[in-house]
Amino acid sequence: MLYDELSVLKQIKDAFPKLSQAECETAVLLLKEFASNQNITFDEYVQKNYPNGIAERDESTNQYCGYIKFLGNDAAAIIKAGADADFSTFFHETVHSFRKQLTGDLKTKAERAFNVDGSKWTVEQEEAFALGAEQFIMTRIERDADKREVFVKCSNYVQGVYNGLGDIIELTPEMEAFYEDMFFEKNPVAEEPVELTEDEKRFANVVKIDPSVITNENDEPIDLTDTRELTKWLLDTYVPKNENGQRIGIELEIADDGTIQKFSRTGLEASTKRRNSVKSESQRQAYAKLDTLLKESLFDEFIKADKRHPRLLGQNVYYSAAEINEKIYSVKFKVDIPRENKKASYKDHKVSEIEIAPSLYAGLSTSNARSVSYQNQDAITKISLAVLKESVKPSKIENGILLTR
């Protein structure tokens with residue numbers, strides 16, 4: 001099914017053979033206005049509200065010029081056009097459809113204007129709603145030049161086929177005020193609430209890392225590819241010597257789950273020799289704030305140890321967020337959990353850059369290009385666990401938080 005303007009125009013022509021070319025084009029313009037008022041594109045509006053097509057002929061009905069057939073419990077519908085269907089029929093049935101599309105304040109105003117109780121519309125109230133719209137559009141003069149053309153044409157075409165006094169209802173001031181909002185004000189459709197996953201509800205603070213703090217005895221930055229120099233710095237920093245010359249690992253508490261973990265010489269030395277560390281510059285730069293990254297990390301899962309590691313219960317997996325040289329990274333930690341009553345110990349970490357669309361830094365989410373607030377790299381202070389795990393791509397920056405939606 002095609003939802004572009006030309007395809008919709010053809011559908012209207014086929015279903016309403018009595019309409020002139022100008023009337024068919026005005027019918028399309030009316031739908032465009034409804035889409036514009038809801039702040040969505042024409043294609044989106046038609047696909048959402050008329051998924052099986054705008055209209056089709058139904059000459060089996062002799063009692064009505066046309067009717068609206070709803071496809072389910074929502075506003076999705078199709079207009080059924082009888083043999084005598086005219087522009088007034090199209091307008092009338094389209095308004096029935098639009099009534100079902102109402103949300104938020106506009107829905108409340110409509111129910112108040114037509115004395116609807118508990119959002120349950122009677123047949124009489126539905127007809128009064130559509131007839132009132134016809135009557136309103138015949139008398140309303142739009143001052144906005146952009147809207148004037150379509151509504152003047154609608155007024156003329158509806159008035160030209162109007163069936164007389166029997167179809168006239170008295171418009172109250174409240175009805176007129178409602179129709180004014182319905183036809184001539186922007187009324188974005190209220191978005192359905194999105195149920196976030198647990199990972200999307202949890203956020204890690206971004207830790208800013210300055211690799212230049214990794215220095216030698218002369219306070220000069222060391223070459224991070226020099227494994228020997230890097231390992232010496234790691235041991236002096238995280239497993240320093242006590243007064244007796246023994247190296248004692250620093251203990252810290254991981255805030256998210258309260259795990260007490262202790263750095264060990266064995267763990268740090270092994271970490272620098274792993275393939276990820278040897279090849280990745282950011283992997284080695286993250287050592288500069290290894291303790292802070294662990295403290296700020298979020299617990300993700302426990303992986304039970306296999307038979308090759310009899311001394312371990314398994315490993316805890318954590319994720320942290322880092323900023324290194326103005327780039328944002330996810331840091332995945334593995335922490336060994338021993339069987340005996342010993343402290344957990346750092347095993348390894350893996351650093352992955354988070355791909356962020358340039359549009360996000362201009363304040364434009366990937367799903368909504370209407371935002372105008374400016375964002376820059378410094379604005380990102382928290383990142384959701386879902387983004388850190390790379391299970392979904394970030395779609396927006398909101399109040400300094402990198403989010404999925």
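Two strands pair if DSSP finds at least two bridges between them. With that in mind, welcome to this predicted model, where an open sheet of three strands runs in the order 1-3-2 with mixed pairing. Helix 1 packs on that sheet, and helix 1 also crosses helix 2.

**The sheet**

- Strand 1 (55-57) and strand 2 (66-70) are the edge strands, and each of them pairs on one side only.
- From one strand to the next, the twist averages 25°.
- Strand 1 joins strand 3 (residues 77-81) in the parallel sense, over three bridges.

**Helix 1 against helix 2**

- Two packed helices are described by the angle between their axes and the distance between the axes.
- Here, the axes of helix 1 (residues 5-15) and helix 2 (residues 21-37) come within 9 Å and cross at roughly 125°.
- Because of that angle, helix 1 is oblique to helix 2.
- The crossing of helix 1 past helix 2 is right-handed.
- On the helix 1 side, the contact is made by Glu5, Val8, Leu9, Ile12 and Lys13.
- Helix 2 contributes Gln21, Cys24, Glu25, Ala27, Val28, Leu31 and Lys32.

Technical notes: Residues numbered from 1 in each chain as written. Predicted model: local features only at pLDDT ≥ 70, side-chain atom pairs only at ≥ 80, totals over all residues. Heavy atoms only, no water. Axes fitted to C-alpha atoms, helices over the stretch in contact; angles between N-to-C directions. Helix = DSSP H or I, 4+ residues; strand = E, 2+ residues; numbered from the N terminus. Parallel < 35°, antiparallel > 145°, perpendicular 65-115°, else oblique. Left-handed = near helix turned anticlockwise from the far one by under 90°. Contact = heavy atoms within 4.5 Å.
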